[in-house]
Amino acid sequence: MKIELKKITVKELTEGYQDNQENGVIGYGGKLDIRPPYQREFIYKDKQRDAVIHTITKGFPLNVKCIGP
């Protein structure tokens, strides 16, 4: 698998956001599988949420998996 850095904005990331309950959550125009249907609902604790926000504001990449090309 080849991984390449792709710079996108938070606005782009949230385009097409759909929470389909038990059928999963998608975003990024349907290209990002945020929570697959087989994965249980997950809620960050405050410290974890703050770490994600810190990561974004510092410009560090997030570990995400995109669907398709």
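Student: In the hairpin of E2 and E3, which residue takes a positive phi?

Tutor: This is a predicted model, in which local features need pLDDT of at least 70 and side-chain atom pairs count only at pLDDT 80 or more, while totals for chains, interfaces and linings use all residues. Residues are numbered from 1 along each chain as its sequence is written, and side-chain values use heavy atoms, with hydrogens and water left out. Strands (DSSP runs of E, at least two residues) and helices (runs of H or I, at least four) are numbered from the N terminus. The hairpin has four residues between its strands, and the positive phi, near 55°, belongs to Tyr28.

Student: Is Tyr28 buried or exposed?

Tutor: Tyr28 is placed in the loop between E2 and E3, and its positive phi occurs in a residue other than glycine. Residues under 20% relative accessible area are buried, those over 50% exposed and those in between partly exposed (1.4 Å probe, protein chains only). At 11% relative accessibility, Tyr28 therefore counts as buried.

Student: Which residue in E3 is the bridge partner of Gly27?

Tutor: Strand E2 (residues 25–27) pairs with E3 in the antiparallel sense over three bridges; strands pair if DSSP finds at least two bridges between them. Ile26 stands opposite Asp33 in E3. For Gly27, the bridge partner in E3 is Leu32.

Student: Which strands are the edge strands of the sheet?

Tutor: The elements of the protein run α-β-β-β-α from the N terminus on, with two helices and three strands in total. The strands form an open sheet in the order E1-E2-E3, with antiparallel pairing. The strands that each pair on one side only are E1 and E3.

Student: How many residues apart in sequence are the parts that Arg35 and Asp19 tie together?

Tutor: The side chains of Arg35 and Asp19 meet in a salt bridge at 3.6 Å, N to O; a salt bridge is a side-chain nitrogen of Lys or Arg within 4 Å of a carboxyl oxygen of Asp or Glu. Arg35 lies in strand E3 (residues 32–35) and Asp19 in strand E1 (residues 18–19), so the pair ties together parts separated in sequence by 16 residues.

Student: Which of the two is buried, and which is partly exposed?

Tutor: The relative accessible area of Arg35 is 8%, which places Arg35 in the buried class. Asp19 has 37% relative accessibility, and the partly exposed residue is Asp19.

Student: Which residues are linked in a network of salt bridges?

Tutor: The count for the protein comes to three salt bridges. Arg49 pairs with Asp46, with the closest N and O atoms 3.2 Å apart, and Asp50 pairs with Arg49 at 2.9 Å. Arg49 and Asp50 are partly exposed, with relative accessible areas of 38% for Arg49 and 42% for Asp50. The network links Asp46, Arg49 and Asp50.

Student: What separates Arg49 and Asp46 in helix H2?

Tutor: An α-helix has 3.6 residues a turn, so residues three or four places apart point the same way. Arg49 and Asp46 are three residues apart in H2 (residues 46–57), a separation of about one helical turn.

Student: How far apart are the end C-alpha atoms of H2?

Tutor: The expected span of a helix is 1.5 Å times one less than its number of residues. For the 12 residues of H2 this gives 16 Å, which agrees with the distance in the model. The end C-alpha atoms are apart by 16 Å.

Student: Which residues form a nonpolar patch on the surface?

Tutor: Patches are made of residues with over 30% relative accessible area and no salt bridge; like charges are joined within 9 Å, and nonpolar side chains (Val, Leu, Ile, Met, Phe, Trp, Tyr) within 5 Å. Together the patch has about 240 Å² of accessible area (Shrake-Rupley method, 1.4 Å probe; for residues, only the protein chains shown count as cover). Its members are Val10, Ile56 and Leu62.

Student: What percentage of the accessible surface belongs to carbon and sulfur atoms?

Tutor: Buried residues make up 12% of the 69 residues. The accessible surface of the protein comes to about 6400 Å², and the part belonging to carbon and sulfur atoms is 56%.
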